[in-house]
Structures are given as structure tokens and as C-alpha cells.
Amino acid sequence: MPTGVLATQLSMHFQVSGHLLESALDCEAEVFYQWFGNTREQLAEEYDPYLDATVFLVVADRAGDVLGAVRLIAPGGVAGPKTLVDIGA
């Protein structure tokens, strides 16, 4: 288990909303833009249909700024399983 100043300044959050969700989306968009050239608008078009089945796990600093985020899409959402929808397209 990490100790020291850094460990006490970071926290993990599950199923975020509000400011943490916006910060998670910003973090995700920054990574996707840097590595794949996708804009936040493109990500919204691709993933917004799955919001009812989406959970974000984030690591944030004390100010609430997200330093890392993981988007999990559970099966059973209104839009269907993302992988199968992608294969069908």
C-alpha cells in the first residue's frame, strides 16, 4: 500500500456525477484525442447512447480534478451491448 504525501492527496471514486463526471469526460477526451485524434464530440456521439449502462471509476486529486478515468459499460442498456452493436455496424 502506498504511503506518503501523494497517497493521501488522491482518492478513487466510483460511479461519479457532477464535477467529477465532467472532469472524467475531459480526461477521457484528452487521452482519446492524443492517441486516436477523437474529439469530445465524437466520443459523445459514440458513447452517449450507452450512458444508462455506464459507470466511471476515477482517481482524483484533492481539488476534484480527475487524473485517470475508466469507463465501464455494462450489458443490458437500452442501446444494447456495445461490442455487438459495433460488430453489427
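Helices here are DSSP runs of at least four residues and strands are DSSP runs of at least two, numbered from the N terminus.

**Entry 1. Overall layout**

I began with the chain as a whole, in what is a predicted model. I found four helices and three strands. Read along the sequence, they follow the pattern α-β-α-α-β-β-α. I then looked up the extent of the chain: its C-alpha atoms fill a box of roughly 50 × 30 × 25 Å along the principal axes. Of the 89 residues, 25% are buried. I also noted that, among contacts with a separation of 6 or more, 58% are between residues 24 or more positions apart.

**Entry 2. The sheet**

I turned next to the strands. They form an open sheet of three in the order E1-E2-E3, and the pairing is antiparallel. Which strands stand at the edges? I found E1 (10–14) and E3 (66–73) there; each has a single partner strand, so one side of each lacks a neighbour in the sheet.

I followed the pairing strand by strand. E1 is joined to E2 (residues 54–61) by five bridges. Within this pair, Met12 has Val59 as its bridge partner, and Leu10 stands opposite Asp61.

I then compared the two faces of E2. In a regular strand the side chains alternate between the two faces of the sheet. In E2, I recorded Thr54, Phe56, Val58 and Ala60 on the covered face, with Val55, Leu57, Val59 and Asp61 on the uncovered one.

**Entry 3. Helix H2**

I looked up H2 (residues 18–36) next. The helix has 19 residues and reaches 26 Å from its first C-alpha to its last, close to the 27 Å expected at 1.5 Å a residue. H2 lies across E1, E2 and E3, and runs at about 90° to E3.

Which residues of H2 are buried? I listed Leu20, Ser23, Ala24, Leu25, Cys27, Glu28 and Ala29. An α-helix has 3.6 residues a turn, so residues three or four places apart point the same way. The buried residues of H2 pack against E1, H3, E2 and E3. Just after H2, I noted that Gly37 takes a positive phi of about 80°.

**Entry 4. H2 against H3**

Two packed helices are described by the angle between their axes and the distance between the axes. For H2 and H3 (residues 40–47), I read an angle of about 110° and axes 9 Å apart. That makes H2 roughly perpendicular to H3, because angles of 65 to 115 degrees count as such.

I then listed the residues that meet. From H2 they are Glu22, Leu25, Asp26, Glu28, Ala29 and Phe32; from H3 they are Arg40, Leu43 and Tyr47. By class, this contact has five nonpolar, no polar and four charged residues. Leu25, Glu28 and Ala29 of H2 meet H3, and these residues are also buried.

Last, I checked Gln15, which lies in the loop between E1 and H2. Gln15 has a positive phi of about 50° although it is not a glycine. Is Gln15 buried or exposed? I found 60% relative accessibility for Gln15, so it counts as exposed, the cut-off being over 50%.

Key. Residues are numbered from 1 along each chain as its sequence is written. This is a predicted model: local features need pLDDT of at least 70, side-chain atom pairs count only at pLDDT 80 or more; totals for chains, interfaces and linings use all residues. Side-chain values use heavy atoms; hydrogens and water are left out. Axes are lines fitted to C-alpha atoms, for helices over the stretch in contact, and angles run from 0 to 180 degrees between N-to-C directions. Angles under 35 degrees count as roughly parallel, over 145 as roughly antiparallel, 65 to 115 as roughly perpendicular and the rest as oblique. Contact means heavy atoms within 4.5 Å. Ala, Val, Leu, Ile, Met, Phe, Trp, Tyr, Cys and Pro count as nonpolar, Asp, Glu, Lys and Arg as charged, and the others, Gly among them, as polar. Two strands pair if DSSP finds at least two bridges between them. The expected span of a helix is 1.5 Å times one less than its number of residues. Buried means under 20% relative accessible area, exposed over 50%, partly exposed in between (1.4 Å probe, protein chains only).
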